[in-house]
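Trainee: Could you help me see how the words used for a protein structure are backed up by values?
Mentor: Gladly, let's take it step by step.

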Amino acid sequence: MLEQFETVTLPIECFRHTEHVRVAFLYLSTFPILEALERFSAALQRFAAAHGKSKLYHETITWAYMFLIQERMARAGRKQTWEEFARNNADILIWKDGVLTRFYRKETLRSDLARGIFLFPDRYVEDNR
């Protein structure tokens, strides 16, 4: 999947939210956080542009998920397979009204500023898991 994503041979209809998370997980399993963030962001922008969707790239959402995935991986205390990670972090796999709504106001995520640069969270709702 990672190779298909990077070479832009993965059909866009096969790259929904769960696949975004999976590819981010693969980058974070391979590279230190800053390198993973740089590589994933660049590859995601290339992927979107190649499919005529360059305006869909959203830096705040991309970076926030990368940091959240990395934190969850670290909290596990051991290396996990994708299947284990996905099973233990189902909340990250929900797109509509997903995990970022606990940290960001909807207006913030809809803004052009959030699309263009990473914005720190502007809201917090206690996690009752």
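Mentor: What follows is a short talk about this predicted model.

Trainee: How do you know which secondary structure the protein has?
Mentor: The elements come to seven helices and zero strands.

Trainee: What makes the protein agree with a compact globule?
Mentor: For 129 residues, a compact globule would have a radius of gyration near 14 Å, and the protein has 14 Å, so the two agree.

Trainee: Why is the pair R39 and E35 called a salt bridge?
Mentor: Their closest N and O atoms are 3.0 Å apart. The cut-off is 4 Å, so the pair counts as a salt bridge.

Trainee: How are R39 and E35 placed in helix α3?
Mentor: They are four residues apart there, which means about one helical turn separates them.

Trainee: Is R102 buried or exposed?
Mentor: R102 has a relative accessible area of 18%. Buried means under 20%, so R102 is buried. Its salt-bridge partner is D91, with the closest N and O atoms 3.7 Å apart. D91 is buried as well, at 16%.

Trainee: And what about K106 and D97?
Mentor: They form a salt bridge too, with 3.5 Å between the closest N and O atoms. D97 has 51% relative accessibility, and exposed means over 50%, so D97 counts as exposed. K106, at 43%, is partly exposed.

Trainee: How many salt bridges does the structure hold?
Mentor: Eight. In general, side chains of opposite charge can pair when their charged atoms come close.

Key
Residues are numbered from 1 along each chain as its sequence is written. This is a predicted model: local features need pLDDT of at least 70, side-chain atom pairs count only at pLDDT 80 or more; totals for chains, interfaces and linings use all residues. Side-chain values use heavy atoms; hydrogens and water are left out. Helices (H or I, at least four residues) and strands (E, at least two) are DSSP runs, numbered from the N terminus. The radius of gyration is taken over C-alpha atoms; the globule rule is 2.2 Å times the number of residues to the power 0.38. A salt bridge is a side-chain nitrogen of Lys or Arg within 4 Å of a carboxyl oxygen of Asp or Glu. Buried means under 20% relative accessible area, exposed over 50%, partly exposed in between (1.4 Å probe, protein chains only).
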